[in-house]
Amino acid sequence: MLNALLLMKQELAVVAIIFILLILKLGKDRSNVTFLNIVNTLLLLNVVAGFFWNSEGVLFNEMFRTNPLMILEKNILSLGTLIISMQSYSWLKTHKHVPEFYILLLSTLLGMFFMISGGNLLMFYLGLELSTIPLAAVANFDLTKRQSSEAAMKLIISSAFSSGLLLFGMSMLYGTTGTLIFSQLPAALNGSDLQIFAFVLLMAGFAFKISVVPFHLWTADVYEGAPVAVTSYLSVISKGAVLFVFVSVLYTVFKPLAGAWYNMLFLLSLLTIIIGNLFALRQDNFKRFLAFSSIAQVGFILIGISGSSQLGSTSVIYFVLIYIFSNLAAFGVVILVSAITGKESISDYKGFYKTNPVLAWILTIALFSLAGVPPTAGFFGKFFLLMAGAAKANWMLITIAALNMVISFYYYLRVVKAIFMDKNEQPIERVAMPLMPRLALYVCIIGIIATGLVSYVYDYIHSLTAPF
Amino acid sequence: MSLVEIIFWFLSGLALISAIMVLLSKNPVHSVLWLIAVFFAISGHYILLNAQFLAIVNLIVYAGAIMVLFLFVIMLMNQNAETEPRSKSTWIKLAGAIAGGCLLIVVVAAVRDSENLIQNIGGKAYAKTAVTTHGEIGLIENLGRVLFTQYVVPFEISSVLFLSAMVGAVVIGKKD
């Protein structure tokens, strides 16, 4: 009994936090500041507790399974959620529905945990739904803005469509194999045409969620309309969770179809990198810019996955960790600036260094890491991804990816130039940093530098991943 | 031709004709009514498969609740021929038809292919598609038992999903 509870410790912890929030909401009125302090403390406890009492096992007819790698992935997501929660302090301080915001956000986190741990396509599907439907409600949390409602509408329609594709694929897969259980599926896959077709549909469902290029059309609009905190959650946490599952499903369940998915990944990653980069070149809204940059980053991740080796899965998890730190550092600055001044376009950031030197440096380091400039972790992450992809000796793919890194340098450094060199008559005024956002930003910066330089992180992930 | 086969063909024909009429009707309210006919035909199929629970739920939820919602929305939005967007060019229609047709060919070919893959191993025929071993899984009693034993975790998680969806809807819908 105790063992079973320990296996589900992270899920139980999140549920417990949701319950505590519910009781706090029902109790006497508290100011937002006390409430936010309580929530952030609870989330911090959640992250810390995630590192203890690790165990491995299977529960409920293989509906739920866990191992140290999954625990690590969940810890990464919990950490990201804590950072976002701390960064959105200034925005939430004046918001009317803070408890609901956290209840919805944490139920999506719960969904992601179940999705990562699911050992059955049904569990995976439910986890995925639980991690997207409440997010659409959260995307509407700028209740007075029309754009925010538009974002929520687009998110829910596109996610419903992708769920439809996913379910169609799953039902065909069930029709041809007679099982939904991950551990039994590989033996039942024989590569018949119907199975390949089902797999294509599943792949399309995944591609929607991580916004790979032919399926990316919702991304920029949703990112632009949603509140910045929600945008950062969407682009980092929910994408990261789906990527974790994507790698493990491709590498274990669909291993018999490896020949088929290599070709798909090859095509998708080329399209994603090129189109993501070219569209990022001409964006002026910071959120749209980061949306297209995140599409391009996913393209690089797909190259890593296509390597189909242990190095592939290690480098993907490593890169997602780095991506969380660097993207959250960038978003953290945007959240602060947007909450206080309401300015969200890149041209507003001209002369930002003159008024906010600390924030300017944090944003610069984050952008360097996203671009992959050597001392930051982003360089190591992309390097390992391309290394993993190069194992297939498909030099055309690697060359095009490397050329695209040069393009990406141009648009990331364009922002840096605007911050440091461009003159502006009315620069953004000095933005005050409350304690919590400041701490969160410092954690991100330490993460950006340390994850790349401390080789223990990479070695630890590598020791947990399974050989292909 | 047995009675079951006759009913099967009748229901299939009804479902297809109604589905085509959903698309062809100019009046959206007529489309919705035809859609209800589709759901009735599909519920008939479920009963043929001995899935009584699914048949009833399909009627109550889809033909009942969801269709009423559809009708409400259509009436509130006051859709008619004048408000329809007229921007669809012939090329887009052609491209859509070709893409849809290709998808249909691929699906049909894939299904046909797996039908031909019945293997003969040791004197027994093994299908490449899964075969249901017994026809009583769709009865309410059996479904309930499976739902609360084997599939209890997904069942409970779906309740969390509904709860969070409700919280979201209330927050968005609140006036103040």
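At what angle do the axes of helix H2 and helix H4 of chain A cross? Roughly 25°. Keep in mind that this is a predicted model.

Let me place the two helices. H2 of chain A covers residues 9-26. H4 of chain A covers residues 68-87. Their axes come within 10 Å. Angles under 35 degrees count as roughly parallel. H2(A) and H4(A) are therefore roughly parallel to each other.

Who meets whom? On the H2(A) side, look for A:Lys9, A:Gln10 and A:Glu11. They meet A:Ile71, A:Lys74 and A:Asn75 in H4(A). By class, that contact has 3 charged residues, 2 polar and 1 nonpolar.

Now the two chains. How many residues of chain B are in contact with chain A? The number is 27, and they touch 32 residues of chain A. Together the chains bury about 2,500 Å². Carbon and sulfur atoms account for 79% of that. On the chain B side, B:Ile157, B:Leu161 and B:Val171 lose the most area to chain A. Those three make up 22% of what that side buries.

What about salt bridges between chain B and chain A? The count is 0.

H6(B) gives the largest share, 12 residues. By class, the side of chain B that touches chain A has 17 nonpolar residues, 6 polar and 4 charged.

Technical notes
Residues are numbered from 1 along each chain as its sequence is written. Chains are lettered from A and ligands numbered from 1 in the order in which they are written. This is a predicted model: local features need pLDDT of at least 70, side-chain atom pairs count only at pLDDT 80 or more; totals for chains, interfaces and linings use all residues. Side-chain values use heavy atoms; hydrogens and water are left out. Axes are lines fitted to C-alpha atoms, for helices over the stretch in contact, and angles run from 0 to 180 degrees between N-to-C directions. Helices (H or I, at least four residues) and strands (E, at least two) are DSSP runs, numbered from the N terminus. Angles under 35 degrees count as roughly parallel, over 145 as roughly antiparallel, 65 to 115 as roughly perpendicular and the rest as oblique. Contact means heavy atoms within 4.5 Å. Ala, Val, Leu, Ile, Met, Phe, Trp, Tyr, Cys and Pro count as nonpolar, Asp, Glu, Lys and Arg as charged, and the others, Gly among them, as polar. Buried area is the accessible area (1.4 Å probe) that two parts lose on being put together, summed over both. A salt bridge is a side-chain nitrogen of Lys or Arg within 4 Å of a carboxyl oxygen of Asp or Glu.
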